[in-house]
Amino acid sequence: MAEPLPLDPVTFEVLKNSFITSVDQMGEQILRTCYSFVIYNRDFSSALHDAEGNSAAQGNQDIAVHVGTLHFTCKDVMRAFEGDMHPGDVYAINDPYVGGTHFCDVRLIRPIFADGKIIAFSQSNGHWSDVGGSVPGSFDVAAREMFREGLRITPIRLFSQGKLCKDVANLLAANTRDPASIIGDIQAQAEATQVCEREILRLVDKYGRDTVETGLAAVQDYVERAVRQRLAAIPDGEWETQDFIDRDPASGEGMIPIKVKLTIKGDKAIYDFTGSHPTIGSIYNSAFGATFSAVAAGMKTFFPDLPLNSGFYRAFEIIAPEGSIVDAKWPVAVTGFLMPFEKIMNAIYEMWSKIMPERAIACAFNLEYLLTGGLDGRRASKPIFMFYDWLPGGWGGRNGKDGCNVTTACFGTGLMSQPVEGQERANPILTTEYEILTDSPGPGKWRGGAGVRKTSVMLEAEKTVISYICDRERAVVWGIEGGLPSMPHGLAITRAGADKEEWLGSVFSDVPIGPGDVFSRPTAGGGGFGDPLERVPALVLEDVKDDYVSVERAAKDYGVVIRVIDAELCDYAVEEAATKALRDDIRAERGVWLATDPEEVAAGYRAGTIDKLDAVRRYAVILDWDTGTLLAQTTSQFREMFQLRSAAKWGAGATTGIAAQ
Amino acid sequence: MQNLRVAVDVGGTFTDICIMDEASGLIRIEKTASSPDPIDGIMAGLDKAAVDLGEVALFSHGTTVATNALITRRLPRTAMVSTRGFRDVIEIRRANKEELWDTYKDVVRPYVPRRDRLVVSERIDAQGKVVTPLDEADAREVARILKRRQVAAVAVCFMNAYMNGANERRMKEILEEVMPGVPVSISSQVLPEIFEHERFSTTVANAALSPVVVNYTSRLGERLKQEGYKRDLLLLHTGGGVMTPASVKDFAARLAGSGIAAGAIASRHIAMLCGFRNSIGLDMGGTSTDVSLAYEGQSRVTKDWFVEFGYPIRFSSIEVLTIGAGGGSLAWTDEAGSLRNGPQSAGANPGPACYGNGNRQPTNTDANVVLGRLGTSLAGGKIMLDPKLATEAVEEGVAKPFGLTVHAAADAIVRVANANMSDAVRLISISRGYDPRDFALVAFGGAGALHGVDVARELAIPAVIVPPNPGVTSALGCLLVDVQHDFSESYLVEAADADPAAIEAAFARLEGEALERLAHEGVAPADTVLQRSIDMMYQGQWRSLAVSAPSPIGAIADLIEAFHQNHEREYNFRRDDAPVSLFRLNLKAVGVVPKAELAVHEATGEVPVPVSRRPVWFDGGTALDTPVYERSDLPAGLVLAGPAVVEQLDSTVLIPPGTRAEVDQYLNIIIRVRD
């Protein structure tokens, strides 16, 4: 039961809630005043720190990907300006090599003074629309070092005793493609940190400096105590898994492993990344701050009710081999850190799903960004346009529940997708399709959520290029507990006048694109949970009525035979006897499919007898989806994991026929 | 002779009826249990109150019928027809979640399932140009299928229809031709604004609710007519006005928050009567508290509104913040030793521990009983409160774990609840740029008057107003409204390029529509008031701010300056050097309904005698011997110094030491927290 608190229970509870409210007020202010559309769509976070820079409160609605990094940047600013901080100062930093995320995430930090001494810091972190570098939006897939990525902001003073340092602000703005918005966002973020300052000073006024100071520490102790109690209640043990980045563009075929071993010992969790691959020749590397954040966010998913602050971060420890893909050092490119980030998160989901089966969840679709820009030919002045888009997709199947359809990527569930009507006003692009993609959910007893497909036509535009940042074209979204993978990510383009699609895949940059060219990409569904042959046929039937699953794949993936009675009235029926027979057949055959020579599968794909979903779900074979060439090393890695996550969990079927449903 | 005004507010548990005699201004209250068909409860209540409907000049009504239909999904089969390629806009939404971290808590399903979302070939571009005309064969095929499916309502939602509604209108014609009698909502009429999900979501809710509310209002209208009522039924909508059944079919979703707006309106009106143009409403019930704000006599209005997360209904709505803190909220200690309050609630059943229905966890009500702030009976003796059970619950749940005395523990529970409510008030006031010191707090709902002074003290609010019937204040709100419609139109222009004549023409169009609608509802031109506003932002910002606009429109420079000022008030900074954009034109059209004056009571100079005295703990320390008054004994003009407790049928008023309470001529209790 309750241990004695350093504060009386009411003061403690009031301070705890007030700290969170002060941070949420910053978020509210930012949303209403920001210029960056990325911030507006909720890629931001806010924090209140104690005088040592530790996080005392972080926003309830903050994007997951900033969790656990704000105290690093606060502390680096403190190091830089020690002894030289004044009321009304605001500092800026975006440095990933001292614990930031990537260059676009620019943090403004304000020291809060009470009685002439710093009592706290407030921090507002937002994703600016551009921070320079070689491509619009500052995502250059081809970068290997940070110099092409954007401006690295080591700690700088942006406001001095209440006055904007115009020289410094102008230098920042002048190094971006969107200077007017950058100045606007500097003001919006600086104001937000002041909203928090106002609240803290109110508390100091009411409760006194000492009490507030004690409160800032007590709320961290409180969260630490709660996490540790829950960890201690879990029997000690070790869990391990690995997930992959598709490839190293600077090297040959073969997926890039990120290995994680979780040890729970007493009231502590240790995440050991030993065995993970060294950094690779692209932007898909993570520095230590981002890796720390991925662990915090992944673990927090299993403690959804606890407030976020440094108390939470004190309950776990990370071991990351130096120079590995989860510990990139300057000047290795890290703008694409979200790719390893999401792999770490999903790996943590997988391990914790075993510890807390009641909250189990299979793999989610992969975050994707599309950037295309050039000159807008619709207007006489031909202004520059920058179309920067991201899509929702399916989340993993759960224990007793299907995965969520069309939801924001797991790196930041608060992030909103953009309205097509807004995009069409701003850019010479017409979208012809933005719909749920039938058969995208990974099959399972509880299927994954559905992904989407978005298809657009480039209108009057000049000097336009397209880039795409995604992954899991090969490390396809996986199922757990016998569930199946969903489908590969990747973008295809149909040139104006051409009758055939070109597959450009999940990562490319600066490909020229012109008027009339059509570009289209799906997002994967979530991975399945549990053996799809155990899914209740009536649920498959409902999915067919809603076109989440086709009649054809209902048979192939679930072994459920569905008769179409009157499609216009959504009238379908399950053929029970045929279903039982088909499920028996699949049970007998699926081991054989998995042992099929991958070259044979590749040949079938090229001949058109095996499609992409068959290759992934039935044969666990990964190909170059354009040419149909086998990726042997990748396939062997994929099969190894498929065996562990899916095949090993399939029962003999004696108790799982439809009669048992 | 028609000299009665009747307002009915139907909630989940109770149907409240407020009857006002126009001649005397006196108000009577009737409370009756709600029934499965709300109309039965209303008629039973009217009967119980002995209202002769033949004498009723005006009948207004706030209802949760639409809200409940959405939440329970008891909706008629509704279909959505959209542009090919955009079948799933309302399911894709903005793809975000309300519970960011809980992977097992999902956003609820859309109001129309995927199987009933059909598509046709047509397309309009961002400039409003028809890229693909509506494919008539496609449209007829869809209509034929929907007819076979016997859908009861259809929403037509086409891309960029806010710029050009021609294809939607044609689709509607075809649907009406093939399936006559089935209501069809089109997005270009329901909400001609940019952003497809928000527009489609509003249109779909509108379509699905249309049969529900048309059925309900026509049945209710019919019953009232049978009983002798001769005028139009007035329905309170989310925007804080009323509309007549003539508008219900086309704007059904405006009733989706009908029940929520009433309390905010009443709170604003009562504060105005007491001379406060700025007020904050604190409506604390059994499970939750609604907080609203009026500034300069106007309720704060928002367009960010929904019944369920993910499905916006983008009509102007009175802004109400709801938090899970009510009389029945549970106090508990979490694993890490922190004292928490709510949002879980003991509800009405089993209710607080002192109800004796089996709940043993302490609630706010139990804490108030322990502190002597609440007596041992509620609702005139209908509910008995057992102080022994309350004490046990507080003792076990809070006092023992924290090593506190039972009174200190009860005090701690109440203070945490008050702090939570204060945070909500802070969010709607301070964080929106309002200084609480300029406001009065109107405390109502069953439990508001117990906590009002503490919340006011926390925020330095100088005065607390407790209306005469705190528990039925929302019904009073239904009496105090005008006919009101809100019109809006996307208007995306840089202020520097804006042409006052073009804006004037756009407003004239909206005004024409508004006058027509008001005339259709029988509002005389002399009773019509039109208020213009323009949503503006700094070029490049993503959220806009409303700026009131004159008629005729005047100089753009004045609008820009007004925008700078609003921005500075709300967000504490302005950018004089930054270009400003226009985003949307809004028009509020009001048909003024003559208000009856509330009765004025003369000061009698009588000094009431306390009905009893009891020890009351105003903090966790020692009790004060406190007089208890019966509310109906308190005459106008009375001044009471705290400590005192005032009991009445529907509430208990706490007047702590150090405060002074006055009873005004409308019998409101005004507690001066600081002078």
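This is a predicted model: local features need pLDDT of at least 70, side-chain atom pairs count only at pLDDT 80 or more; totals for chains, interfaces and linings use all residues.
Two residues are in contact if their C-beta atoms, placed from the backbone, lie within 7 Å. Leaving aside neighbours within four places in sequence, B:V394 is in contact with B:P362, B:D366, B:A367, B:V370, B:A399, B:V406, B:A409, B:A410 and B:I413.

**Nonpolar core**
- The largest nonpolar core has 411 residues.
- B:V394 is among the residues that touch the most other members, along with B:V154, B:A409, B:I413 and B:L441.
- Two of these, B:A409 and B:I413, are also contacts of B:V394.
- α12(B) supplies the largest share of this core, with 13 residues.
- In soluble globular proteins, nonpolar side chains tend to be buried together.

**Contact between chains A and B**
- Chain A gives 71 residues to the contact, and chain B gives 58.
- On the chain B side, the elements giving two or more residues are α3 (89-92), α4 (136-149), α7 (196-226), β20 (339-345), α11 (387-402) and α12 (406-428) of chain B.
- α12(B) gives the largest share of that side, 8 residues.
- By class, the chain B side that touches chain A has 25 nonpolar, 13 polar and 20 charged residues.

**Domains of chain A**
- The domain assignment gives chain A domain 1 (9-226) and domain 2 (360-660).
- Taken over C-alpha atoms, the centres of domain 1 and domain 2 of chain A are separated by 38 Å.
- In chain A, 15 residues of domain 1 are in contact with 18 residues of domain 2.
- The side of domain 1 of chain A that touches domain 2 of chain A has 8 nonpolar, 3 polar and 4 charged residues.

How values were computed. Residues are numbered from 1 along each chain as its sequence is written. Chains are lettered from A and ligands numbered from 1 in the order in which they are written. Domain bounds come from an automatic or database domain assignment. Ala, Val, Leu, Ile, Met, Phe, Trp, Tyr, Cys and Pro count as nonpolar, Asp, Glu, Lys and Arg as charged, and the others, Gly among them, as polar. Helices (H or I, at least four residues) and strands (E, at least two) are DSSP runs, numbered from the N terminus. A nonpolar core is a set of buried Ala, Val, Leu, Ile, Met, Phe, Trp, Tyr and Cys residues joined through C-beta atoms within 7 Å. A residue is buried if 20 or more other C-beta atoms lie within 10 Å of its own, exposed if 12 or fewer, and partly exposed in between; C-beta atoms are placed from the backbone.
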